[in-house]
Amino acid sequence: GPEVPRAAFRSSWSDRPVLLVGLGDSITAGFGAAPPALSYFNRLVKNPPDEFPEMRGLCLSAVLPRLEALNLARSGSNSIENLEILLPKLPVQSPDVFGIVVMTTGGNDIIHYYGRTPPREGAMYGATFEQAKPWIANFRGRLLQTIAEIKKRFPGGCALFIGNIYDPTDGVGDPSHAGLPDWPDGLRILDAYNRIIADCAEADPDVHLVDIRSTFLGHGIHCRQFWRPFYRPDDPHYWFASNLEDPNNRGYDVIRRLFLIEMASVLPARLAKTD
């Protein structure tokens, strides 16, 4: 995975109480991480005992001495359930608490239920782009509402880090290669969702995009095909689980690194203004 800048973790970022919150789907819930300590959320909090040498000491507990963690993410949840079921479980915090929120959401809107049921909002696999247009528009409104509701729960300030949605077909758009039904408009719908996530991050200074999609290209179902444009000759390995929608342990490590890189670029200066 990408290198995390060690210099950013050599001194404390803040002595404030800080709450790390996980929201969204199975990626943040850590489905399939074996053992669970290797999920990206848990590795953000602290290094596991068998941590890679270059990552030892690179975690939030090393720079935030009053860190607490609350993971509300749920495997299988879509963006509707994230807003209506999971987010209400997050209490309003004391003004002295700063919030760090990590979230992955929207992927299940797209991939569920693998073509086994007719496409619908929240489970649109197999939909045409025209059919999905109103659902895409609703996702934009829902994500904006989710962001607003998160910020209300942190009167002392917060930073939200949202991962975009990866593409296990490595840009080819052929889920049939992994045994799923053909879906001609799948990549177009995925790109529309990712544009919305990027737009929301660009429009709000408290929201920061974690670009999972770009880093994972070349590590999906075509990772060994050297003629593909996203082939990674230095690391042609698979980062997904067998279910195609979750990461394996390699993938979870990479996601952890991507979140830490973005956090290290944002949080020290942000927290220094609030101490």
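Student: Which residues does Ile189 touch, not counting residues up to four places away in sequence?
Tutor: This is a predicted model. Contact here means heavy atoms within 4.5 Å. With neighbours up to four places away left out, the partners of Ile189 are Ile110, Met124, Ala127, Thr128, Phe129, Ala132, Ile136 and Trp183.

Student: Which residues have the most contacts inside the largest nonpolar core?
Tutor: That core has 43 residues. Helices H3, H4, H5 and H6 and strands S1, S3 and S4 each supply at least two of its residues. Those with the most contacts inside the core are Leu23, Leu143, Ile150, Phe154 and Ile189.

Student: In what pattern do the helices and strands follow along the sequence?
Tutor: The protein has eight helices and five strands. Read along the sequence, they give β-α-α-β-α-β-α-α-β-α-β-α-α.

Student: What radius of gyration does the protein have, against that of a compact globule?
Tutor: The C-alpha atoms fill a box of roughly 50 × 40 × 30 Å along the principal axes. For 275 residues, a compact globule would come near 19 Å. The protein agrees with that, at 18 Å.

Student: What percentage of the residues count as buried?
Tutor: Buried means under 20% relative accessible area. Of the 275 residues, the buried share is 54%.

Student: How far apart are the mean positions of the positive and negative charges?
Tutor: There are 28 positive and 32 negative charges. Their mean positions are separated by 3 Å.

Methods: Residues are numbered from 1 along each chain as its sequence is written. This is a predicted model: local features need pLDDT of at least 70, side-chain atom pairs count only at pLDDT 80 or more; totals for chains, interfaces and linings use all residues. Side-chain values use heavy atoms; hydrogens and water are left out. Helices (H or I, at least four residues) and strands (E, at least two) are DSSP runs, numbered from the N terminus. The radius of gyration is taken over C-alpha atoms; the globule rule is 2.2 Å times the number of residues to the power 0.38. Buried means under 20% relative accessible area, exposed over 50%, partly exposed in between (1.4 Å probe, protein chains only). Lys and Arg count as positive and Asp and Glu as negative; His and the chain ends are not counted. The place of a charge is taken as NZ of Lys, CZ of Arg, CG of Asp or CD of Glu. A nonpolar core is a set of buried Ala, Val, Leu, Ile, Met, Phe, Trp, Tyr and Cys residues joined through side-chain atoms within 4.5 Å.
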